[in-house]
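Here is my note on this model. Please keep the coordinates open while reading.

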Amino acid sequence: MRKFAIWILLTALSALALSIHTLQQQYEEHSAEFRILYRDVALKLSQHDVILTLLSAASDPERVKKAFPQILILKTRAPEFSATEPQLAGNGTYWLNGQHVSLLIDLNQVLSTLPQSNAFRTLRLYWHDTPLVVLGDATTTSYWQWHKALVGDSQPFELSAGNDPDWRHLPWISMLLFALLWALVIAFVSRYLMYKRQRVLADLRAQFSELTRLNTMGEITAGMVHELNQPLTAILSYNQTALSLLKQEKSAEIAPLLNAAVVQTKRISALLTDLRQKMHSDHVPLQPINLKPVWSRVLMLLENELQAGKMKIINKIPDDLPPFLAAPQWVEQILHNLLLNAIQAQRDNAPKSAWVEIAAYPTERGITLTLTDGGPGLSEQALQNVFLPFFTTRQGGLGLGMALTQTLVQGLNGDISAENVAGSGARFTLWFPFNAEEQTP
Ligand SMILES: Nc1ncnc2c1ncn2[C@@H]1O[C@H](COP(=O)(O)OP(=O)(O)OP(=O)(O)O)[C@@H](O)[C@H]1O
Ligand SMILES: [Mg+2]
């Protein structure tokens, strides 16, 4: 709509400029024609003065009239006629009196024989505001007017001409071409502006995706640090113990420690493989999962921490719990993060009072799992923000464990929530669909 208004405005302005220019040209042409007409009329009238001085009463009137058709009568001057002023005789005729002779001159004849007389709509000869002769259409006033007094004492008339602009000869084709030109210019400019805007948007989008990429990389790195921290600490502790046993020459006890270190190393390798898989595609291979062995493996991985905290483990996973389709590495990571939090939450518990209970039961479309601990529970703030990245109340904590856990649960189309249980500590309730590929939570 705005483009259309601009086009109309530009077209109107250029049409106006073209019209003014053409009208100016027409006016100049008519002015030039008026000047020629004036010169010719003045010439003819001055001829009359010359004729008067040359003629005598004896001159042959017929010869004079033949040479000058505007002279209607040639006769001896009547004594009552003034020799200085012409006497009007009606219908555009007047007597011009000389010393001896008088001439009856027809101004109609004078004007109509001049070629420029046709160039004007109205043509007049005046004397003292009395029209002597009027040629053309004098019913309405013309758009342009020209006036000029004829010099000379004997016939001091005034010539006036009027004309109208020739609207038909305005440059209509040029106006049309201008309208087309403006349409093209506007189309081109708006195209260019649109292209520019799209480029700015594309640049912004590129910047945004670069930022997102950097963010994602940051999250992945933070996630890696979080997941690798515990197994690396465990390996360090196993190896240090093995070394000191070696010094004490208790080589029989070394093998289980090295085995445990191997298991933790394999876990690191599995985590890295899993991470690489996640970076390459969102699709992870699903397998039927039995919760019991996965839980046992998590207990083994956190053996050091469990022993250090003297944690009691209550396992309420029924033997006949149906398997569900999921990525085993993911479920292991989820349980690992939850158990590690439960252990860390109970570091300040009274001796031998730390415990964790895992329970699971099938529901209509999947498996519900709860993990309850004997810790202080989640603070009011933690209850609201526990799944937010970088929310932590723990000294040295990253605040990523639960955020990663939630991402993994949701990646399996499951659900996770946190609450406090009266008389116990925190409880996390998880739900996994039997088939993560078919189900949406
Ligand atoms: N079992 C729990 N009992 C009490 N508070 C908990 C428990 N689990 C989580 N929280 C609270 O939620 C916060 C966020 O947990 P999250 O695992 O995301 O981060 P973190 O353990 O502090 O750090 P990290 O990134 O090393 O896991 C914890 O700092 C703690 O305040
Ligand atoms: Mg944690």
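The points below go from overall shape to sheets and then to cores.

1. **Basis.** This is a predicted model, in which local features need pLDDT of at least 70 and side-chain atom pairs count only at pLDDT 80 or more, while totals for chains, interfaces and linings use all residues. Residues are numbered from 1 along each chain as its sequence is written, and chains are lettered from A and ligands numbered from 1 in the order in which they are written.

2. **Overall shape.** The protein chain has ten helices and 15 strands. Helices (H or I, at least four residues) and strands (E, at least two) are DSSP runs, numbered from the N terminus. The radius of gyration, taken over C-alpha atoms, is 57 Å. Along its principal axes the C-alpha trace spans about 170 × 50 × 35 Å.

3. **Domains.** The assignment gives domain 1 (2–169) and domain 2 (285–441). The bounds come from an automatic or database domain assignment. Over C-alpha atoms, the centres of domain 1 and domain 2 are 115 Å apart.

4. **Four-stranded sheet.** This open sheet has the order β1-β4-β3-β2, with antiparallel pairing. Two strands pair if DSSP finds at least two bridges between them. β1 and β2 (87–90) are at the edges with a single partner strand each, so one side of each lacks a neighbour in the sheet. Neighbouring strands are turned by 20° against each other on average, direction ignored. Axes are lines fitted to C-alpha atoms, for helices over the stretch in contact, and angles run from 0 to 180 degrees between N-to-C directions.

5. **Its pairings.** β1 (residues 71–76) and β4 (residues 101–106) are joined by five bridges. Within this pair, K75 has S102 as bridge partner, and L74 has L103. β3 (residues 93–97) also runs antiparallel to β4, with five bridges. T93 stands opposite D106.

6. **Five-stranded sheet.** Here the order is β10-β12-β13-β15-β14, with mixed pairing. The edge strands are β10 (312–316) and β14 (415–420), each pairing on one side only. On average, neighbouring strands are turned by 15°, direction ignored. Helix α8 (residues 328–345) packs on this sheet, touching β12 (355–362), β13 and β15. The direction of α8 makes about 15° with that of β13. β13 (residues 366–373) and β15 (residues 426–433) pair antiparallel over seven bridges, with G366 opposite P433.

7. **Cores.** Of the 441 residues, 25% count as buried. Buried means 20 or more other C-beta atoms within 10 Å of a residue's own; exposed means 12 or fewer, and partly exposed lies in between, with C-beta atoms placed from the backbone. A nonpolar core is a set of buried Ala, Val, Leu, Ile, Met, Phe, Trp, Tyr and Cys residues joined through C-beta atoms within 7 Å. Which residues touch the most other members of the largest core, of 41 residues? They are A326 and L412. α8 gives the most to this core, with eight residues. Beyond four places in sequence, A326 is in contact (C-beta atoms, placed from the backbone, within 7 Å) with L286, I289, V331, L412, F432 and A436. Another core, of 26 residues, lies apart, with L45, I51, L52 and L96 among them.

Conventions:
Contact = placed C-beta atoms within 7 Å. Rg over C-alpha atoms; globule rule 2.2 N^0.38 Å.
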